[in-house]
Amino acid sequence: MKKIKVAVIDDSALVRQVFTGIIQSEPDFELLFTASDPVFALDKMRSFWPDVIILDVEMPRMDGITFLKKIMSEHPTPIIICSTLTQ
């Protein structure tokens with residue numbers, strides 16, 4: 001069975017570490033990469049496109065909503081928004 005390739009994009013090293021542990025513990029998922037902001041992610045996505053992206057909203061250089069709009073207009077991809085801005 002093909003594994004679901006996941007990318008985690010969050011400026012928090014702790015959040016990236018937590019999601020890395022969760023994803024790697026699931027046999028159906030493969031952690032494709034993590035990135036501290038969307039600019040780094042876009043560079044990695046030139047070589048490896050994920051099946052799903054876990055995305056933070058507030059990040060340096062490019063916010064998650066701008067990144068989301070860019071991705072959806074160019075290469076629609078399922079995205080899970082993960083943010084501390086919600087209650």
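Visitor: What span should the twelve residues of helix 1 have at 1.5 Å a residue, and how far apart are its end C-alpha atoms?

Guide: The expected span of a helix is 1.5 Å times one less than its number of residues. For helix 1 this gives 16 Å, and the end C-alpha atoms are 16 Å apart, which agrees. Helices (H or I, at least four residues) and strands (E, at least two) are DSSP runs, numbered from the N terminus. This is a predicted model, in which local features need pLDDT of at least 70 and side-chain atom pairs count only at pLDDT 80 or more, while totals for chains, interfaces and linings use all residues. Residues are numbered from 1 along each chain as its sequence is written, and side-chain values use heavy atoms, with hydrogens and water left out.

Visitor: Which residues of helix 1 are buried?

Guide: Buried means under 20% relative accessible area, exposed over 50%, and partly exposed in between (1.4 Å probe, protein chains only). By that criterion Arg16, Phe19, Thr20 and Ile23 are the buried residues of helix 1. They cover an arc of only 110 degrees around the axis, which puts them on the same side of helix 1; the arc is that of the directions from the helix axis to the C-beta atoms. On the other side of helix 1, Leu14 and Gln17 are exposed.

Visitor: Against which strands do the buried residues of helix 1 pack?

Guide: They pack against strand 1, strand 2 and strand 3 (52-55). Contact means heavy atoms within 4.5 Å. Take Ile23, which lies in helix 1 and counts as buried at 4% relative accessibility. Not counting residues up to four places away in sequence, Ile23 touches Val6, Val8, Phe29, Glu30, Leu31 and Ile54.

Visitor: How many bridges join strand 1 to strand 2, and what is the handedness of the unit that these strands make with helix 1?

Guide: Two strands pair if DSSP finds at least two bridges between them. Six bridges connect strand 1 (residues 4-9) with strand 2 (residues 29-35), and the two run parallel. Within this pairing, Val6 has Leu31 of strand 2 as its bridge partner. A crossover is right-handed if, with the strands pointing away from the viewer, the path from the first strand over the helix to the second runs clockwise. Strand 1, helix 1 (residues 13-24) and strand 2 make a right-handed β-α-β unit.

Visitor: How many salt bridges are there?

Guide: A salt bridge is a side-chain nitrogen of Lys or Arg within 4 Å of a carboxyl oxygen of Asp or Glu. By this rule there are three. One of them joins Arg61 to Asp37, with the closest N and O atoms 3.0 Å apart. This pair links distant parts of the chain, 24 residues apart: Arg61 is in the loop between strand 3 and helix 3 (64-74), and Asp37 is in the loop between strand 2 and helix 2 (38-45). Arg61 is exposed, with a relative accessible area of 56%, whereas Asp37 is buried at 3%. Arg61 also has a positive phi of about 70 degrees although it is not a glycine.

Visitor: Where does Lys3 lie, and which residues does Lys3 touch?

Guide: Lys3 lies in the segment before strand 1 and is partly exposed, with a relative accessible area of 41%. Not counting residues up to four places away in sequence, Lys3 touches Pro27, Asp28, Phe29, Glu30 and Asp51.

Visitor: Is Ser83 buried or exposed?

Guide: Ser83 counts as buried, at 18% relative accessibility. Its place is in the segment after strand 4 (79-81). Leaving aside its neighbours within four places in sequence, Ser83 is in contact with Asp56 and Val57.
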